[in-house]
Amino acid sequence: MQIKLSKRLAAVAAMVPHGTVTADIGTDHGYLPAYLVMSGISPLAIATDINEGPLAAAGNLISLLAIQNKVQLRLGNGLNVLMPGEADTIIMAGMGASTMIKILEQSEEVLAGTKRIIFQPMRDTGRVRTWLAGHGWKIQDEDLVLEDEIFYEILAAEPGQSSLTPEETEVGPVLFKKKHPLLKAYLQEKINVLRNIEKSLQKSLKPEAENQKQKINEKINTLERVMVCL
C-alpha cells in the first residue's frame with residue numbers, strides 16, 4: 001500500500017531533511033509520518049495528537065502498513081510528549097499561528113535540541129515569522145501551494161539569528177526571493193480579504209474600529225508594495 005499525500009502535506013514532507021527523526025505534532029490520521037518512513041526520508045517518526053480519536057486512526061493505519069517499529073504513537077499536548085533531543089525535525093501543520101506559538105513557548109527544552117521546525121499555519125503566518133525572528137530561529141525555506149482553491153503557506157526554520165522587514169513578515173523572505181509563481185495571486189487574494197474587512201469596519205461605531213482600519217491599511221500598503229516588485 002502506497003501513501004499518497006495531499007499537495008499541502010507533500011510540500012511539508014519535501015522540507016524534511018533525509019535521515020532525520022521527525023515528530024508530527026497533531027498528526028491527525030498519521031499519513032505524514034507513515035509517508036516519511038515508507039519513503040525512507042525518516043528512519044523513525046513520532047506521531048502525536050492531543051485527542052484519542054485521531055491517534056487511534058493513526059494507529060490503525062500504522063498497523064495496516066506494518067510499520068509499528070518505525071512510527072511511535074503518543075497521546076499528549078504539543079511538544080510535552082517529547083524528550084529534549086529526541087526529534088531532529090518537528091512538524092506543526094494545520095493549526096493556527098497562536099496555537100503554534102503557544103506550543104513553542106511551553107517547550108523551550110525540547111526546542112533547544114531541535115534542528116528544524118516545519119510549519120503550515122492555517123492563518124496568520126506573519127505572526128509565526130515574527131516569533132521565529134524574535135526567538136533565535138531563521139527561515140530557511142518556504143513554499144506556497146493551492147489545493148481545493150485554498151492557498152497554504154509552508155515554512156521551515158532552523159536555529160540562527162535573523163531580522164525581517166514588514167514586507168518579509170507579511171509575504172515571506174524566501175517566497176519573495178523565489179518570486180514564487182503563485183505569490184501574486186495569493187497576495188491579491190489577501191488584499192481583497194483585507195479590503196472587505198475594512199469595508200465592514202467602516203460601519204462600526206466601536207472606538208477600536210479606527211485603529212483596526214489603520215492596521216489593515218498598513219497591511220494592504222505593504223502587500224501592494226511587494227506586488228509591484230513581482
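In what order do the strands of the open sheet lie? Before I answer, please note that the structure shown here is a predicted model.

The sheet is open and has 7 strands, arranged in the order β3-β2-β1-β4-β5-β7-β6, and its pairing is mixed. At the edges are β3, residues 71–75, and β6, residues 137–147, each of which pairs on one side only. From one strand to the next, the twist averages 15°.

Let me turn to one pair of strands within this sheet. Strand β5, residues 116–121, and strand β7, residues 150–159, run antiparallel and are joined by 3 bridges. Phe119 has Leu155 in β7 as its bridge partner.

Next, the helices that lie on the sheet. Helix α4 packs on the sheet, where it touches β4, residues 89–95, and β5. The direction of α4 makes about 150° with that of β4. Helix α9, residues 183–202, lies across β6 and β7, and runs at about 110° to β7.

Finally, I would like to consider how α4 meets another helix. The axes of α4, residues 97–105, and α6, residues 125–134, come within 8 Å and cross at roughly 25°. Because angles under 35 degrees count as roughly parallel, α4 is described as roughly parallel to α6. Which residues of α4 meet α6? They are Ala97, Ser98, Met100, Ile101, Leu104 and Glu105, and on the side of α6 they meet Arg127, Val128 and Trp131.

Notes. Residues are numbered from 1 along each chain as its sequence is written. This is a predicted model: local features need pLDDT of at least 70, side-chain atom pairs count only at pLDDT 80 or more; totals for chains, interfaces and linings use all residues. Side-chain values use heavy atoms; hydrogens and water are left out. Axes are lines fitted to C-alpha atoms, for helices over the stretch in contact, and angles run from 0 to 180 degrees between N-to-C directions. Helices (H or I, at least four residues) and strands (E, at least two) are DSSP runs, numbered from the N terminus. Angles under 35 degrees count as roughly parallel, over 145 as roughly antiparallel, 65 to 115 as roughly perpendicular and the rest as oblique. Contact means heavy atoms within 4.5 Å. Two strands pair if DSSP finds at least two bridges between them.
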